[in-house]
Amino acid sequence: MEITGALVATLSKKAKENRQIIVDVFKGGGHFGGSFSCTDILTVLYNSVMNVDPANPKWEGRDYFILSKGHANGALATVLATRGFYSCEQLETFNCLDSPFGEHPTQKMPGVEIPTGSLGHGLSIGVGIALSLKLDKKDSKVYVLMGDGELHEGQVWEAMQAAPKWGLDNLIAIVDRNRLSMDGPTESVSMPLEPLVDKWSSFNWAVKTVDGHDVRALLEVSSAIPFRTGSPSVIIANTVKGKGVSFMEGDYNWHYGLLNEETRRQALSEIAEAR
Ligand SMILES: Cc1ncc(C[n+]2csc(CCOP(=O)(O)OP(=O)(O)O)c2C)c(N)n1
């Protein structure tokens, strides 16, 4: 893939549109903070990095994606809609009874491999899929997006130990490193995560850090996958919780929230004006 200025501009515009749609998707309330922190990552993955077929989500040759931080499903549901898995109009039922689209993903939503929401399971599931792909001699890759607060779950560290043992260089973990969990900074609400790069490295993962809102940087880091032959890759994506809306940015109180007419208008205008 050639990383051109035109591609970067197209993806940046798409990410902005996705944020605008997310505001509407969350009209009854939603996980704004963690959805906006990963919108650029999801937009780049689904539009330029992963091999997917929106018309045939279960296509055998697809790359697999697991939203381990399942509470960001408003972002995933939106990115899949604008990628063509279904229409944006269908998202109007988001969070309604019997809708395929909820605050957390289920397999009723086209493109979803596995339901998530209980944090800590995605990487282990990713290890299993990646291992089975290796055994079947298939080239597909497995991407797992995790929250940094999610790393407080012990199960994640078991998966971190397992993946290098099997040489799973078809597995890519992405940590949305917005430094906030649900109720405060990751470094103080539970066990501190730093030095995070050293920890992943010492578990024999190949690590790269990136600005998770820099589309060009995200494309560049993705084009280097696998970072080391025979090792799983992890991208520590430095992000801002609530990215794009000033009153949400860096405020864990916007982990989940509800906009009124005035704040909704402000959010949409700030997103529209962002570069
Ligand atoms: C096992 C489990 N424990 C607790 C929760 C409640 N919970 C939902 S989101 C969240 C914080 C997650 O923080 P992080 O992973 O950093 O997500 P982000 O900031 O990217 O939204 C918590 C504790 C949960 N969903 N699952």
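These are my notebook entries on a predicted model, grouped by the part I looked up.

**Entry 1. Ligand shell**

I began with the residues around the ligand, of which there are 20. Those that come nearest are Gly34, Gly147, Gly149, Glu150 and Met182. I then sorted the shell by class and got twelve polar, five charged and three nonpolar residues.

Is Gly33 buried or exposed? I count it as buried, because it has 27 C-beta neighbours inside 10 Å and the cut-off for buried is 20 or more. Leaving out residues up to four places away in sequence, I listed what Gly33 touches: Leu180, Lys241, Gly242, Met248, Tyr252, Trp254 and His255. I also noted a C-alpha separation of 8.3 Å between Gly33 and Val240, which are 207 residues apart along the chain.

Gly242 is on the contact list of Gly33, and I looked it up next. Gly242 sits in the loop between strand S5 (233-238) and H9. With 26 C-beta neighbours inside 10 Å, Gly242 is buried. With residues up to four places away in sequence again left out, Gly242 touches Phe32, Gly33, Phe36, Met248, Glu249, Gly250, Asp251 and Trp254. For the pair Gly242 and Phe36, 206 residues apart along the chain, I have 5.0 Å between the C-alpha atoms.

For packed helices I note two values, the angle between the axes and the distance between them.

I took H1 (residues 5-25) against H3 (residues 73-83) to start. Their axes come within 9 Å and cross at roughly 125 degrees. The crossing of H1 past H3 is right-handed. On the H1 side the contact is made by Lys14, Glu17, Asn18, Ile21, Ile22 and Val25. On the H3 side it is made by Gly74, Ala75, Ala77, Thr78, Val79 and Thr82. By class I find six nonpolar, four polar and two charged residues in the contact of H1 with H3.

I then took H1 against helix H9 (residues 261-273). These two pack at an angle of about 175 degrees, with axes 9 Å apart. That makes H1 roughly antiparallel to H9, because the angle is over 145 degrees. H1 contributes Lys16, Arg19, Gln20 and Val23 to this contact, and H9 contributes Arg264, Ala267, Leu268 and Ile271. The residues in the contact of H1 with H9 are four nonpolar, one polar and three charged.

**Entry 2. Burial of H3**

How many of the eleven residues of H3 are buried? I get nine, so H3 is largely enclosed by the rest of the structure. The buried ones are Asn73, Gly74, Ala75, Leu76, Ala77, Thr78, Val79, Leu80 and Ala81. Their cover includes H1, H2 and strand S1 (64-67). Just after H3, I noted a positive phi of about 105 degrees at Gly84.

**Entry 3. Backbone exceptions**

My reference for this entry is that most peptide bonds are trans and most residues other than glycine have a negative phi.

I logged two cis peptide bonds. One joins Glu194 and Pro195, with omega about 0 degrees. Pro195 lies in the loop between helix H6 (186-189) and helix H7 (196-202). Another runs from Ile225 to Pro226, with omega near -5 degrees. Pro226 is in the loop between helix H8 (215-223) and S5.

I then looked up positive phi values outside glycine. Asp98 has a phi of about 70 degrees and is not a glycine. Asp98 lies in the loop between H3 and helix H4 (122-135). I count Asp98 as exposed, because 7 other C-beta atoms lie within 10 Å and the cut-off for exposed is 12 or fewer. Lys137 has a positive phi near 55 degrees. Its place is in the loop between H4 and strand S2 (142-147). Lys137 counts as exposed, with 6 C-beta neighbours inside 10 Å.

Terms used:
Residues numbered from 1 in each chain as written. Predicted model: local features only at pLDDT ≥ 70, side-chain atom pairs only at ≥ 80, totals over all residues. Near = placed C-beta within 6 Å. Nonpolar A, V, L, I, M, F, W, Y, C, P; charged D, E, K, R; others polar. Contact = placed C-beta atoms within 7 Å. Axes fitted to C-alpha atoms, helices over the stretch in contact; angles between N-to-C directions. Helix = DSSP H or I, 4+ residues; strand = E, 2+ residues; numbered from the N terminus. Left-handed = near helix turned anticlockwise from the far one by under 90°. Parallel < 35°, antiparallel > 145°, perpendicular 65-115°, else oblique.
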